[in-house]
Amino acid sequence: MSDSPALQQPADRPAGHHAPQGSLAGLTLLAIGVVFGDIGTSPLYAFRETFASEHHMLPVDRLHVFGVISLIFWSMMLVVTLKYVIILTRADNKGEGGSLALLALISREAKLKWSTGIVFLGVFACALFYGDSMITPAISVLSAVEGLTVVESGLQPLVIPIAIGILVGLFMIQRTGTARVGTFFGPIVTLYFLTLATLGTISIVRDPSVIFALNPWYALNFFALDPWLGFLALGSIVLAVTGSEALYADMGHFGRKPIRTGWVWFVLPSLMLNYMGQGALLIADPSAIESPFYMLAPEWFRLPLVFIATAATIIASQAVISGAFSVTQQAIQLGFIPRLRIQHTSAAAHGQIYIPVINWALMVMVILLVLFFQNSSNLAAAYGVAVTGAMLIDTCLLTVLIFTLWKWRPWLAIPLLAIFFVVDIAYFSANLMKVPDGGWFPLLVGLVVFTLLTTWAKGRQLMIRRMDEAAIPAKIFIKSATASAARVPGTAVFMTTSSEGIPHSLLHNLKHNKVLHERVLLLTVRIEDVPYVDEDKTFDLQELGDGFFRLIIRYGFMQESDVPKALARVEQCGPQFKMMDTSFFLARQTLITSPKPGMAVWREKLFAWMLRNAESAMEFFKLPPNRVVELGSQVEI
């Protein structure tokens, strides 16, 4: 099988990863609007929950306030700045970041005996992300709208209806895309961060001594005062760094430098000024713990602050929803999720997609979370488990990366990784204490999604193996079929998952119709573990003789699989493909559960249900409906 240099990649496909276009300032502004929304809305509830949580009521005094500020600062420096912004952003898979992209990079480059365990870790991180993407919109919007009760306590009954209305509206507009309003995201979130910094600075001026809280001694002293209470408080302190994984996951959209610039020079200072401002306020007025974020503002500015914060949380939630769509697309292409309907909401902007089933499932779960937990304090108990679990898994994947691919010297790698593991395990362990009070929710979601993902991947692997076992060698079939079957004009494209043997759909067609087309193309679409496939590696064409050809089209896991557009670029396969002269033959398998070794019967039934409900190959590969013939077959796995 040889590459054909004359074949070209579809014109609308990236021929490899292209760096995001634009000036550093422009890309940084865009990144601020998308990447930092989640971590940026943490000041709404993180400081309050650390002191006022029912699970670990902390004394509101100078030593504890200084200890919390110190822990937040050093968590941001170690977890966000060092681990994610400096180190993990170097671990890009042809420009793309995130757990799945990192997993694909390790699987491709590192030949490990225990790679199955690494795959399970990466898939579980992906599963936990779905739990996080349900909680983030709920807690962010709810905590912002709760600011109305600080303005006027009588507005308490309206908080939940307003929050649900905002969330429903947010999910309803997903189908039309956010390209039109997306240009305002950066300026709005920038205004929000400037507001955070300004309010915090005004409060710090009243008590400048709070700046000394950045000394790590206060973090250590915090645990010395009451080790167990300090450990439990970590479950709330970590809320200040939730969203840090987004800095890595969104790297493909904006590039490494804009994210680093935005974080180090703007977002980190704004957040720390606000946290120190909240600390100074609590030292002066411990009763402000009810809502230190809003109490920072003078009374006349609190209502405008509610609107600014609500706008920021809507944008942060939008980023999380878009992230869920993007992760789902990657998981589909990498073979962990069945084919789903994917709609592109922008003809110009690559990557703006909408997946209806994910959108509505998220909306239902987010609304149920708001109704069940009622307020952001209760939701905070559920928040954190998924995030810290994903952070810990990222550290495990980073360990593999450092030792197998980057090959760092042990004297540098081991102390650094030890610090990351101590921090991540401490935060994850503290959040496990919240499992009975709500932490069970993201774990349950993660377990369900993990079961679905691994069942689909395993079932698909078994099904392909069973079909390959019964495959007939191409040379034998062609010699036999061409001697006995009549040839008819036109082109027949038989899509198959295997690049060897003859597909079942061709065998069934010959059995029932007893004809062969003048040109027969055995087509396999392969999704590689890179985000984009280079132009010269997109097509593999092999001529089998007697009008038979085998073509492999390769796509990256961030690319759209549009078969007709790809075929239009094929030149060394006889006459140009014309859709009106081309018939696409697809095999639709019906699974029969059996006691054969492979999967438990209940998982076989689950896989069969997922297969029945997957989007058809016709829609997924953009095939013209009036040119498709489906032929059924039964497969035992």
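Which residue forms a salt bridge with Arg62? I looked this up and found Asp207, the closest N and O atoms being 3.5 Å apart, where a salt bridge is a side-chain nitrogen of Lys or Arg within 4 Å of a carboxyl oxygen of Asp or Glu. I note that this is a predicted model, in which local features need pLDDT of at least 70 and side-chain atom pairs count only at pLDDT 80 or more, while totals for chains, interfaces and linings use all residues. Residues are numbered from 1 along each chain as its sequence is written, and side-chain values use heavy atoms, with hydrogens and water left out.

**Salt bridges**

I found six salt bridges in the structure. Arg62 lies in helix α4 (residues 62-87) and Asp207 in the loop between α10 (185-206) and α11 (216-225), so this pair ties together parts that are 145 residues apart in sequence; I take helices (H or I, at least four residues) and strands (E, at least two) as DSSP runs numbered from the N terminus. Arg62 is partly exposed at 39% relative accessible area, whereas Asp207 is buried at 16%, with buried meaning under 20%, exposed over 50% and partly exposed in between (1.4 Å probe, protein chains only).

I next looked up Asp424, which forms a salt bridge with Lys83, the closest N and O atoms being 2.8 Å apart. This pair links distant parts of the chain, with Asp424 in helix α21 (residues 410-432) and Lys83 in helix α4, 341 residues apart. Asp424 is buried at 3% relative accessible area, and Lys83 is buried at 1%.

The side chains of Asp540 and Arg554 also meet in a salt bridge, at 2.4 Å from N to O. Asp540 belongs to strand β6 (residues 539-545) and Arg554 to strand β7 (residues 548-555), so the pair ties together parts 14 residues apart in sequence. Salt bridges with shared partners join Glu528, Asp540 and Arg554 into one network.

**Aromatic rings**

My search of the whole structure gave 25 aromatic pairs, counting rings of Phe, Tyr and Trp (its six-membered ring) with centres within 6.5 Å, and calling planes under 30 degrees apart stacked, over 60 edge-to-face and the rest tilted. One of them joins Phe129 and Tyr130, whose ring centres are 6.1 Å apart and whose planes stand at 75 degrees, so the pair is edge-to-face. Trp440 and Phe441 form another edge-to-face pair, at 6.1 Å centre to centre and 80 degrees between the planes. I see Trp440 as partly exposed at 34% relative accessibility, while Phe441 is buried at 7%.

Arg90 lies over the face of Trp406, at 4.7 Å from the ring centre, and the charged end of Arg519 sits over the ring of Phe577, 4.0 Å from its centre.

**Cysteines**

I counted zero disulfides, taking a disulfide as a pair of cysteine sulfur atoms within 2.5 Å. The cysteine sulfur closest to that of Cys126 is in Cys396, 16 Å away and too far for a bond. Cys126 is buried at 3% relative accessibility, whereas Cys396 is partly exposed at 22%.

Technical notes:
Lys NZ or Arg CZ within 6 Å of the ring centre and 35° of its normal.
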